[in-house]
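Okay, thanks for making time for this one. Let me put the structure up, and then I'll talk you through what I'd look at.

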Amino acid sequence: MNDLAAYNFAYLDEQTKRMIRRAILKAIAIPGYQVPFASREMPMPYGWGTGGVQVTASILGPDDVLKVIDQGADDTTNAVSIRAFFQKVANVAVTTKTKEATIIQTRHRIPEEPLREGQTLVYQVPIPEPLRFLEPRETETRKMHALEEYGLMHVKLYEDIARNGHIATTYAYPVKVEDRYVMDPSPTPKFDNPKMHMSEALQLFGAGREKRIYAVPPYTQVVSLDFEDHPFEVQKFDKPCALCGAENVYLDEVVLDDKGGRMFVCSDTDHCEDRRAHGHAGALLARPTQESQEAAE
Amino acid sequence: MAVQSQIYAGAFADPVFEAQSVFRTLMDCFARPGTIGRLASAASPPSPLGRASGAVALTLCDHDTPVWLSPALSKSAVPQWIAFHTGAGMAEAKDEARFGFVETGGTVPGFDQFALGTQEYPDRSTTLVIEVEALKGGQPLVARGPGIKNEIVVAPKGLPDVFLDFWTANRAIFPRGVDLILTARDAVLCLPRTTRLAIEE
């Protein structure tokens with residue numbers, strides 16, 4: 001007996017998949033609205049992406065190619081363990097290349113490479129309710145969504161401006177979907193918010209502990225909340241990526257030594273590797289490349 | 001005996017993968033309203049339920065989803081077929097149903113008779129599966145909304161004349177409302193409640 005025989009395909013039983021599939025279809029029909037679902041115990045702790053894993057397991061088929069990223073990287077713990085999980089329970093093909101993937105499960109980043117039609121992006125969501133830190137009662141936040149009463153969220157952003165002179169929210173930046181529901185884009189940096197707007201790919205969000213699924217269909221308006229005099233802005237970086245020289249991408253800070261040395265590199269590892277493979281080199285790589293060229297000559 | 005064999009036969013040969021494949025087509029079609037999806041697997045339900053409609057039932061219905069059937073379907077072997085293969089019970093009232101099925105040419109009841117969800121829980125609404133003559137060749141309607149790049153023309157053939165009025169009324173009560181799966185033979189066309197339809201000018 002192989003390992004596969006011990007489980008149903010993709011771990012979940014068929015009744016659970018049906019329940020999640022029904023929730024996904026309703027979520028797509030009401031963009032940005034959080035559909036309650038009967039989240040299951042998964043063989044990993046809450047906070048490790050159980051919501052995203054359940055969504056992926058319910059949509060995954062034998063022909064899919066799966067990519068899993070954690071903060072943009074394919075090789076961090078969460079991404080590696082979830083990828084290994086699906087290889088084991090679904091025997092599915094995996095990749096690190098954004099272009100080749102049909103399903104991309106993500107924790108807190110959207111790939112730099114624009115997603116195309118036919119791809120599905122599955123987000124792992126810790127707190128799906130954007131109003132939760134403003135109003136702890138679920139009965140009240142439901143009512144606020146029902147009445148489209150989002151004044152409190154604008155007050156929060158205004159208080160940011162009053163305290164800091166600008167909107168200081170940098171991740172989980174609230175968005176309005178199709179001019180109706182205010183939605184938490186999960187704790188992605190606000191740098192990624194514009195990529196959600198009119199994306200060609202289907203975006204599904206799963207929150208396991210909070211038992212909610214929501215969705216943004218392709219070609220759907222996703223607008224970050226702002227004010228006329230304080231328009232929405234994304235983070236800007238002074239320098240390009242130290243390894244591949246990419247500009248206008250989201251960078252991670254990496255400490256190099258104990259003397260204050262640091263570099264900023266692409267958080268999207270696939271994007272960075274792809275650029276380097278195509279001959280782009282950043283400040284830290286440029287010199288070694290020259291030397292190796294000279295050595296070759 | 002003939003009726004009994006109708007009830008027990010006609011489900012997916014490979015339920016896990018065929019249900020996944022049908023669901024993915026439905027998901028893609030709900031995400032891109034107006035596109036016609038061909039089901040790679042289809043069921044063979046008793047007449048007059050169509051093959052694609054039967055596949056939708058096998059993929060999405062179970063003991064958690066009361067099903068409403070049109071009068072013609074209720075009189076056939078379909079209720080027993082659905083009960084045997086999915087475990088779903090029949091809903092007496094339309095507004096208690098999670099799924100509703102209408103066969104080709106059957107009378108389509110007003111959408112507001114079905115469960116529309118509440119303002120707090122708009123997801124608690126009926127998904128209507130209506131089989132039509134064909135998904136092309138009817139009155140062209142321009143569809144706009146989430147999932148549609150600019151606009152797409154849909155022209156299902158065999159819907160009642162009042163369909164557009166029903167749909168416009170359904171669109172007006174957003175976020176509440178029913179969602180629609182139109183089927184014809186092995187193909188589906190999905191219309192989530194967000195899609196706006198208008199007669200092509």
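Some housekeeping before that. This is a predicted model, so local features need pLDDT of at least 70 and side-chain atom pairs count only at pLDDT 80 or more, while totals for chains, interfaces and linings use all residues. Residues are numbered from 1 along each chain as its sequence is written, and chains are lettered from A and ligands numbered from 1 in the order in which they are written.

So, chain B. We've got six helices and nine strands there; helices (H or I, at least four residues) and strands (E, at least two) are DSSP runs, numbered from the N terminus. The radius of gyration of chain B is 16 Å, close to the 17 Å from the globule rule for 201 residues, so the chain is as compact as a globular protein of that length. That radius is taken over C-alpha atoms, and the rule is 2.2 Å times the number of residues to the power 0.38. Along the principal axes, the C-alpha atoms of chain B fill a box of roughly 55 × 30 × 30 Å.

Of the 201 residues in chain B, 52% are buried. Buried here is 20 or more other C-beta atoms within 10 Å of a residue's own, exposed is 12 or fewer, and partly exposed is in between, with C-beta atoms placed from the backbone. Take the contacts in chain B with a separation of 6 or more: 68% of them are between residues 24 or more positions apart. A contact is two C-beta atoms, placed from the backbone, within 7 Å.

Now the sheet. In chain B, six strands make an open, mixed sheet in the order β1-β8-β7-β4-β3-β2. Pairing needs at least two DSSP bridges between two strands. At the edges stand β1 and β2 (67-69) of chain B, each with a single partner strand, so one side of each has no neighbour in the sheet. On average, neighbouring strands are turned by 20° against each other, direction ignored; axes are lines fitted to C-alpha atoms, for helices over the stretch in contact, and angles run from 0 to 180 degrees between N-to-C directions.

Let's stay with β8(B), residues 187-191. It pairs antiparallel with β1(B) over three bridges, where Arg38(B) sits opposite Ala187(B) and Gly37(B) opposite Val188(B). With β7(B), β8(B) is again antiparallel, joined by five bridges, and Ile181(B) faces Cys190(B) across that pairing. The β7(B)–β8(B) hairpin has two residues between the strands, and Arg185(B) takes a positive phi near 50° there.

What lies across β1, β7 and β8 of chain B? That's helix α2, residues 15-31 of chain B, running at about 40° to β8(B). And β8(B) is mostly covered, with four of its five residues buried.

29 residues of chain B touch 30 residues of chain A, and α2(B) gives the largest share of chain B's side, 12 residues. By class, that side has 15 nonpolar, five polar and nine charged residues. Nonpolar means Ala, Val, Leu, Ile, Met, Phe, Trp, Tyr, Cys and Pro; charged means Asp, Glu, Lys and Arg; the others, Gly among them, are polar.

On to the cores. The largest nonpolar core has 113 residues, and Ile24(A), Ala27(A), Leu26(B) and Val67(B) touch the most other members. There's another core apart from that one, of 12 residues, Tyr250(A) among them. A core is a set of buried Ala, Val, Leu, Ile, Met, Phe, Trp, Tyr and Cys residues joined through C-beta atoms within 7 Å.

Most residues other than glycine have a negative phi, and most peptide bonds are trans. Ser47(B) and Pro48(B) are joined by a cis bond, omega about 5°, and Pro48(B) is in the loop between β1 (36-38) and α3 (51-60) of chain B. Phe174(B) to Pro175(B) is cis too, with omega near 10°; Pro175(B) is in the loop between α6 (163-172) and β7 (179-184) of chain B.

Over in chain A, Ala172(A) has a positive phi near 50° and is partly exposed, with 19 other C-beta atoms within 10 Å.
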